[in-house]
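Trainee: I would like to learn how to read salt bridges, helices and domain contacts from a model. Could we go through one example together?

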Amino acid sequence: MAETIRVLVTGAAGQIAYSLLYSIAKGDVFGRDQPLVLVLLDIPPMLPVLEGVVMELQDCALPILKEVIPTDKEEVAFKDLDAAILVGSMPRKEGMERKDLLKANVAIFKSQGAALDKYAKKTVKVLVVGNPANTNCLVAAKSAPSIPKENFSCLTRLDHNRARSQVAMRCGIPADNVKNVIIWGNHSSTQYPDVHHCMVSVGGKDVAAFDMVKDDDWLKGDFISTVQQRGAAVIKARKLSSAMSAAKAICDHMRDIWNGTPEGEFISMGVYSTGNPYGVPEDLIYSFPVTIKDKSWKIVDGLAINDFSRAKMDATAAELVEERDTAVSFLGV
């Protein structure tokens, strides 16, 4: 058996975590022969609920799950971590300004970044899910100066999967037959789902998505807005935010970090923008197309960007610059 790893999930009593923890504990993410300790962090009022989650994990009788540790203390939660999945964040309440939301989350992710810096392994891989995910991720990374910025990423895989699925449904094929969609920018309604480099596999042959769909107006219009607004559509229908699909996307994201991306395929994730080849402003967490090998990501270089794409990439970057500047003013650095 491999050496046991420690994996933290925050917001562990919440609904995303409830869909996520079983998949991690049975080996869908880090491997079926990778023993692990699950550390579950939540706020003190949620501890009784967390106890129930612990009981259920125990009752699954899973072979690789060595221990489950519920806690409300950062010094326990962040100790010696190999992976941290930061799901918990302050949700936006009715009548709340975006600035107030940012301020509340800066406090959370500054504290968690500092805890990572102090207690976690320097090799820890950190995935930020709690919204605003890109900026929360940047705050955590800035608050953990001894951990490489490359170890931090935020979740845009849900948007990526949504885009992939929309193209697949339009073409009447399985989602597996669609590859290399791209989500550029912020995990918000300014994100840019881009299919200019997307390939669709039909009858064993790869065809460009634009050639297969044969509806440029849809691909440049309703397709984009459907992906951008999908989270809101789920909330409207369920009266709850995406949980099952978010958990699946987290699993996809972390599994790819651990095991690498398939040859000839790239995926989308929010990563540190400094030194990127696409003219995106530096010092942001921005979603790019990446490939992953040996647990290290690399932005896919050399993709042609037309004027339509450029304008959308710039618009989402502008929003992230504004978010970052507001967040940094709260950080006091």
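Trainee: To begin with a single side chain, does Arg-310 count as buried, partly exposed or exposed?

Mentor: Please keep in mind throughout that this is a predicted model. The general idea is that a relative accessible area under 20% means buried and one over 50% means exposed, with partly exposed in between. Arg-310 has a relative accessibility of 24%, so Arg-310 counts as partly exposed.

Trainee: Which residue does the side chain of Arg-310 meet in a salt bridge, and where do the two residues lie?

Mentor: Side chains of opposite charge can pair when their charged atoms come close. Here the partner of Arg-310 is Asp-314, with an N to O distance of 3.2 Å, and both residues lie in helix α12, which covers residues 307-331. They are four residues apart, about one turn of the helix. Asp-314, at 38% relative accessibility, also counts as partly exposed.

Trainee: Why does a spacing of three or four residues matter in a helix?

Mentor: An α-helix has 3.6 residues a turn, so residues three or four places apart point the same way. A second case is found in helix α11, where Asp-252 and Arg-255 are three residues apart and their side chains meet in a salt bridge of 2.7 Å, N to O. Asp-252 counts as buried because its relative accessibility is 4%, whereas Arg-255, at 28%, counts as partly exposed. Lys-248 lies in helix α11 as well, and its relative accessible area of 46% makes it partly exposed.

Trainee: How many salt bridges are there, and which residues are linked in a network?

Mentor: The count comes to 14 salt bridges, and the residues linked in a network are Lys-26, Asp-28 and Arg-32.

Trainee: How is the protein divided into domains, and how many salt bridges are counted between them?

Mentor: Domain 1 spans 5-154 and domain 2 spans 156-323, and the count between the two is one salt bridge. Lys-142 forms a salt bridge with Asp-283, the closest N and O atoms being 2.9 Å apart. Asp-283 lies in the loop between β12 and β13 and Lys-142 in helix α5, so the pair ties together parts that are 141 residues apart in sequence. Lys-142 counts as partly exposed, at 27% relative accessibility.

Trainee: What else describes the interface between domain 1 and domain 2?

Mentor: One can look at the area, at the atoms that give it and at the residues that supply it. The area buried between domain 1 and domain 2 is about 2,600 Å², and carbon and sulfur atoms give 63% of that area. Of the area that domain 1 buries against domain 2, Gln-15, Lys-125 and Asn-134 supply 22%, which is more than any other three residues. Across this interface there are also 12 residue pairs in polar contact. The side of domain 1 that touches domain 2 divides into 16 nonpolar, seven polar and seven charged residues.

Trainee: Which residues of α1 are buried, and what do they pack against?

Mentor: The buried residues of α1 include Ile-16, Leu-20, Leu-21 and Ile-24, and the elements that the buried residues of α1 pack against include β1, β2, α2 and α11. Just after α1, Gly-27 takes a positive phi of about 100°.

How values were computed
Residues numbered from 1 in each chain as written. Predicted model: local features only at pLDDT ≥ 70, side-chain atom pairs only at ≥ 80, totals over all residues. Heavy atoms only, no water. Domains from an automatic or database assignment. Buried area = accessible area lost by both parts, 1.4 Å probe. Salt bridge = Lys/Arg side-chain N within 4 Å of Asp/Glu carboxyl O. Polar contact = N/O pair within 3.5 Å; in protein donor to acceptor, adjacent residues only side chain to side chain. Nonpolar A, V, L, I, M, F, W, Y, C, P; charged D, E, K, R; others polar. Buried < 20%, exposed > 50% of the residue type's maximum accessible area, 1.4 Å probe, protein only. Contact = heavy atoms within 4.5 Å.
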